[in-house]
Amino acid sequence: MNSLERRFVLGLAVTLLAVFAVLFWGSVTAVRSLSEAYVLARLEHDAEALVGAFWVNPRGQARLRDGRITPIYQQPLSGHYFILTTADGTLIRSRSLWDENLDTPVVAAGQVVAYQGPGPGGQRLQLRAAGYRKGGLSFTLTVAEDLAPMAAQIRRFQIVGLSILGLALLAIVLIQRYVLRRGFRALDQVKDELRQVSAGGLAQLQMGPVEIQPLTGELNRLLKQLQQRLQRSRQALGNLAHALKAPLSLLTRDLDALDLPERDRQRLAGQLDRISLLIERELKRARFAGEGGGQHFVPRQHVPELLDALRQIYRGRGLDIRGDDLPEAMLPFDYEDMLELLGNLLDNACKWASRRVELRITLDDGMRIKVSDDGPGVPEAERDSLLRRGGRLDEQEAGHGLGLAIVKDMVADYGGTVELCKSSALGGLEVGVVLPFPRHPG
Amino acid sequence: MRLLLVEDDTRLADGIATDLRQAGFAVDTATDGIDAEYLGRAQEYDAVILDLGLPGKPGLDVLRSWRDSGLVMPVLILTARDAWTERVLGLKSGADDYLGKPFHFEELSARLDALLRRSLGRAAPELCVAGLRLDEERQHVRRADGVEVELTNTEFRLLRYLMSHPDKLLSKSRLTEHVYEADRDRDSNVLEVYVRRLREKIGKEHIETRRGQGYLFRSRP
């Protein structure tokens, strides 16, 4: 998976691991050399004390005054040992060595040799051999100390250090991940807002933190451009409609005025109606914004105006046009499309109603529109052909029966359904339209 | 009845005007918004047919400016811009009806009649006063004795205006204005000739002459 967060956290972890490894190696080396230096310094002190206890008896033999030797050298296998060898081969060993022996070099007076080697019972020893001359005798004093306690200390230091570093690594990675996720939340907000834009609830995005402002700014510019283009193309189509309809009106008029046999007149009128229907259909379809186009649709706000307009148009017929309990919600459908859809449905109902037209809009997982009238209705057998043919075309309403055909086109574009049935309440035709709410991936 | 037809396509305007005259209307035409606005103010029209996409001044602005200055004549918008959002806007701006292009003349005529009837406060589709029944489609009048009389176009216009305003004193100039178009000869003697011919056809008792004031159509002769 291509995740910025994973890349970032992985990079951070690798870098920190390298830094921590160097740090760890450095500190362990430092501690080790420090402790070795410390052990050597103590060995040197002990050696000086032993040299101080060194005397040559009247017989010329090398001896140590027992009372001046640190007790640790007296306990067997205590880990602290010494061996004194004189040039003539006398060997004085600390009691702690018991009957073990150590490899000792011969060192000239004034020289010091430090080294490590095996000791009794598998011990690992730090040894310090130095050459001395006292009371006319030259001797080499080798002092040794078991390194095990120090090694244990170092191991403990390593363990504590490693766990502190490990915890620090984990903590830093977690903190960074948290900070990153907080940062990415700004992008989540942009994503949510984009979703609202596509649902028609928002026109522009909020700018957000400085880092994503170039992105949101660019998106806003694009959105504005899109809206402008939609508006321009709608305008252009309006102009085209205007331009095409004037000659078409003239043709219709001229045809009506011509003294033709009725059969010919009807044939030509039928063709003109077809042209009108095609122009109307294609214009509406092209103009049609589809999901999340322009302004969102609010039934409670937009439908009453339409009902008023229809009441005015049909004022002379005294129709009772009702639309009660309209939803107040802002719906993700284009306002102009919905007005067109409802206008056509209601206009069709008004043409056929004798007294009453009723509109109902309800919401569930989509918008359900029901328009019923108390007109003559449509026999069940003709309902399908009515939708196919497009409108209640008959002699009187020719050229004005495009309503249902346009409704059908728009509903299809929204992925919805149209159904015709007999209105149970009013007795006439009931047209039911269901438009599903647009779904967004994710 | 005198109408103002506002339509920028002159060929279509000529066609509609011809049809309207045949249907017994006096028709003035304007092809741009500025002329239309002026004519609507200068002359008392019985109804206006208004296109929206006009050069000079948009139709909706013309309509609003008329309504703002208190002109109440019925206005029918006749336009290619017939999306429902535009219809709603047009009706909100003060139009009385809305008809999309292309249209059949019968549709326009029927809507116009309905508008005129409404503006005169008349409910019945047929004009029927003082035993006279006016057939607006065939331009005939049926007298109380059942005899049907054919009318010339001008006679029809004059009788329709008289029957639409029964028991009202109508001056010669008012009658001339509503029966003739702007560029026609408006000699009041011509009007007298038409009144005399009408009286011959429908009976003297219906139209009363008020010397120096005008004519009065009596609902009860």
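How many helices and strands are there in chain B? I counted eight helices and 12 strands in chain B. A reminder to myself before going on: this is a predicted model.

**Chain B, overall**

I checked burial next. Chain B has 221 residues, and 45% of them are buried. Then I looked at the contacts in chain B with a separation of 6 or more: 58% of these are between residues 24 or more positions apart.

**A sheet in chain B**

I picked out an open sheet of four strands in chain B, with antiparallel pairing and the order E6-E7-E8-E9. Strand E6 (127–129) and strand E9 (148–150) of chain B are its edge strands, and each pairs on one side only. The twist from one strand to the next averages 20°. I followed one pair in detail: strand E8 (residues 140–142) of chain B and E9(B) are antiparallel, with three bridges. Val141(B) has Val149(B) of E9(B) opposite.

**Where chain B touches chain A**

I went over to the interface. On the chain B side 26 residues are in contact, and on the chain A side 25. Which elements of chain B give two or more residues to this side? I found H1, helix H4 (84–92), strand E5 (97–100) and helix H5 (105–119) of chain B. H4(B) gives the most, with six residues. By class, I noted 12 nonpolar, four polar and 10 charged residues on the side of chain B that touches chain A.

Helix H3 (residues 213–257) of chain A and helix H1 (residues 10–22) of chain B have axes that come within 9 Å and cross at roughly 35°. The crossing of H3(A) and H1(B) is left-handed. From H3(A) the contact takes in Ala246(A), Ser249(A), Leu250(A), Arg253(A) and Asp254(A), while H1(B) brings Arg11(B), Leu12(B), Gly15(B), Ile16(B) and Asp19(B). I sorted the residues of this contact by class and got four nonpolar, two polar and four charged.

**A helix pair within chain A**

For another pair I stayed inside chain A. The axes of helix H5 (residues 299–313) and helix H6 (residues 335–352) of chain A come within 10 Å and cross at roughly 35°. Left-handed or right-handed, the crossing of H5(A) and H6(A)? I read this crossing as right-handed. H5(A) makes the contact with His302(A), Val303(A), Leu306(A) and Leu310(A), and among the H6(A) residues I jotted down Tyr335(A), Leu339(A), Leu342(A) and Gly343(A). By class the contact of H5(A) with H6(A) has eight nonpolar, two polar and one charged residues.

**A sheet in chain A**

Last stop was an open, antiparallel sheet of five strands in chain A, in the order E4-E3-E7-E6-E5. Why is one side of E4 and of E5 left without a neighbour? Strand E4 (91–93) and strand E5 (112–118) of chain A stand at the edges and have a single partner strand each, so one side of each has no neighbour in the sheet. Direction ignored, neighbouring strands of this sheet are turned by 20° against each other on average.

I traced one pairing here too. Strand E3 (residues 80–86) and strand E7 (residues 137–146) of chain A run antiparallel, joined by seven bridges. His80(A) has Glu145(A) in E7(A) opposite. I also saw helix H1 (residues 4–53) of chain A lying across E3, E5, strand E6 (124–134) and E7 of chain A, at about 35° to E6(A).

Methods: Residues are numbered from 1 along each chain as its sequence is written. Chains are lettered from A and ligands numbered from 1 in the order in which they are written. This is a predicted model: local features need pLDDT of at least 70, side-chain atom pairs count only at pLDDT 80 or more; totals for chains, interfaces and linings use all residues. Two strands pair if DSSP finds at least two bridges between them. Axes are lines fitted to C-alpha atoms, for helices over the stretch in contact, and angles run from 0 to 180 degrees between N-to-C directions. Two residues are in contact if their C-beta atoms, placed from the backbone, lie within 7 Å. A crossing is left-handed if the near helix is turned anticlockwise from the far one by less than a right angle, and right-handed if clockwise. Ala, Val, Leu, Ile, Met, Phe, Trp, Tyr, Cys and Pro count as nonpolar, Asp, Glu, Lys and Arg as charged, and the others, Gly among them, as polar. A residue is buried if 20 or more other C-beta atoms lie within 10 Å of its own, exposed if 12 or fewer, and partly exposed in between; C-beta atoms are placed from the backbone.
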